[in-house]
Amino acid sequence: MKLQFDKKLFVDLYVRLYRLHRHQEKGYILVVVVGMLVMLHALLMAYAIAAKIEGTTTIASAKSSTGFYGAEAGLNLRAMQILDEFEGFNRPQGTSPSSWEDCTDASTANDGTGDFDCDSKTFQKQAVATFVQESAANPSLITIDPGELFAGLSAQEFRYDLTSVARGQDDLPSAMLTMRFRSRVVPMFQFLAFYNNDLDVSIPPTMNLNGRVHSNANLYLDAANSNTLTINGQVSAVDTVFRGSKQGNTCSGTVNIFNPTTASPLPCAGGRTTYTNDTVTGWNDRIVMGVDRMTIPEADSFDPTPGRLYWDRADLRVVLRVDGAGNPTGIEVRNQNGSENATATTSLLNNCPVTSTTLRPEDDGSPNYGATDVDLIVDSTTGFAAGNLVTVGDDIDSNVIRSIDSDDNEITLRRRLGHDYQPGTVASENDIVRRAVVSTSDTFYNYREKRGAAGTDAGTYIRMLNVDVRRLLDCAHSQNLMGRALDDNTDGGLVWFLTVDGPDSDNNINDGDDPNNYGVRLYNGGQLGSTVAGAPEIEGLTIVSDQAVYIRGNYNSTNKRPASILADTINVLSNSWSMNDSDSRNYDAATNLQTTQTSLVDAFRVATDTTINAAFLAGTEITGGVNGTAGHDRGAGLTSGGLNNYPRFHENWTGAALNYRGSFVSLDRPRRISSPFCGSLSTDPTCNIYSPPSRNWDYDTDFNNAANLPPLTPRFTYLIQEIFSRDFDR
């Protein structure tokens, strides 16, 4: 009902009454009273109407605000669902409804499908319907523009429109929001170093790092003594960049960062210096802080479990089984669902084209081993050489050939004592001696991963899965182990998952579990290609393990292919490391028995120049135990060793170089095996683990081309909002 106050009618009534009673005093008073009553009534009516309108407006505004926040929550949730798809190496798929009315009309079946369909949620008693529309131009391959964060990186970019409609209890729209955003997918191996936790370069020798450096937390830059650290690439951090050490309030050496054409020193005054975006303007956006945290893969993406990304997508899965007593019980190839592929297992262990020979009795009838060495009399020594890993019969434990006598057809193996080589049981002369493609051993003694009481022997033996990389490529080709050709380019090339299934194999030390004593050792990987005539060249190779990985000798140094190694931790053993691990400790030459250990770095662990071309993804410790200022100044006992100790060393590298081209990515702490870094060349015999190599390290610029990235390169994703609008017309 609409009420109006008619001013003309009121005045006319007033004049008539006045004339009728103009000579009567009482009449005059009556006119005044009536006039006042009429005016008061009109005012009261106007106030009531205004109050009603105000209340209605307030209620409507409250409903609209509630609807707005509900619709906004729907947008945010749906955008994150799209982001999650990209993180799983998937691209969102589906069809969109034709309009928002289809999403809110229960009578229509046009709700869309898959990742773009109508989805209903309730926020603050508002029913919120959302749907997604994809740009027909998706995806775009871009180079991130100058001036933007990560300028120059290659990325895939996808555009989407999100619509969110909130409805109240009356089932009418209370708010409608639209957002257009871009989802960028950036391969992580385009960084020289990408850390999810604090990244510290605290005690390096003089180093040149040509590539981008990013921390999803804090970044600490320092150089020991009078050394110089130079970074030619953008430096970025989610939190703060510090010039100085994290483990102590010190600052030393020289740190240069290009700006971008000149190496400009990042100064400090005595102690650790904090930088802000306002104090690094002279580096022209080459030092950036306060950036959004990048969304990265979770650590359990690398678990050997059906449903996990790398296990599911692997072309080959090789597993070492270990029983409750720590003894190996078999090596097998597994299917995606975790069951054994018996046919592939037989092919791998028995049918691969590796050199093999048959044992025969010795001429004098003596057994095929002596008091100190295992002497195998064989049909032929052709194809065998000193240092080869071999297996005898069905025994998967590896044996290392000590010497070859081709005149007498005799192969001599190192004997084992305890964890060291000793006479094994040779069942009969019909046993086959094979060069191992995959095998196991427990002779490697790791001084870095401390166990038990302090002392020179406080390390631990590692139960290894040993993998001859090149011969496994031969086997995969000849026996069709993977069900696809070597040059298959699904996911960019080949993906192998290598792991151990035994007691504590899935322990997580970050949850308070005990560390395990397992590892995967890669050897004979200098050239990532098959030796079989006519075998196709691989597109690339990514090796994944949830256990510690040990790389022995050159890797991908000849005829370089896109390659990466993803592991719990990464250890580097030089070309001079004997596969006979007993040579890594002190032994008496006459008896081959272990003698008293006097130094952890001695003549038995002397490194030689080694070359590795592969991207690394592994766990690293956090200096101070936690990210940020809570981890400051906690001393050398809680240091990670810094970026320069990302690969774990076990030898005396004095005078030797590690030549490395690749990318260092750290997503979290190690989960399976790790001890705090305690330094190198230490006078403490319990800590004298290694002496450092000359670090000839650099980012592999081949990775700037997406075609040269390793298979299943992990990515980080982030969203860029283009348009956010509210539709008031509906």
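User: Where does P139 lie?

Analyst: P139 lies in the loop between β4 (126-134) and β5 (140-143). Strands are DSSP runs of E of at least two residues, helices are runs of H or I of at least four, and both are numbered from the N terminus. The model is predicted: local features need pLDDT of at least 70, side-chain atom pairs count only at pLDDT 80 or more, and totals for chains, interfaces and linings use all residues. Residues are numbered from 1 along each chain as its sequence is written, and side-chain values use heavy atoms, with hydrogens and water left out.

User: What is the peptide bond from N138 to P139, cis or trans?

Analyst: That bond is cis, with omega near -10 degrees. Most peptide bonds are trans.

User: Which omega goes with the cis peptide bond from N259 to P260?

Analyst: Omega from N259 to P260 is near -5 degrees. P260 is in the loop between β16 (254-258) and β17 (263-265).

User: Why is N559 called partly exposed?

Analyst: Buried means under 20% relative accessible area, exposed over 50%, and partly exposed in between (1.4 Å probe, protein chains only). N559 has 42% relative accessibility, so N559 counts as partly exposed. N559 is not a glycine, yet its phi is positive, about 50 degrees. Its place is the loop between β35 (555-558) and β36 (563-566).

User: What makes L712 buried?

Analyst: The relative accessible area of L712 is 4%, therefore L712 is buried. L712 sits in the loop between β43 (694-699) and β44 (715-726). Phi of L712 is positive, near 50 degrees, in a residue other than glycine. Most residues other than glycine have a negative phi.
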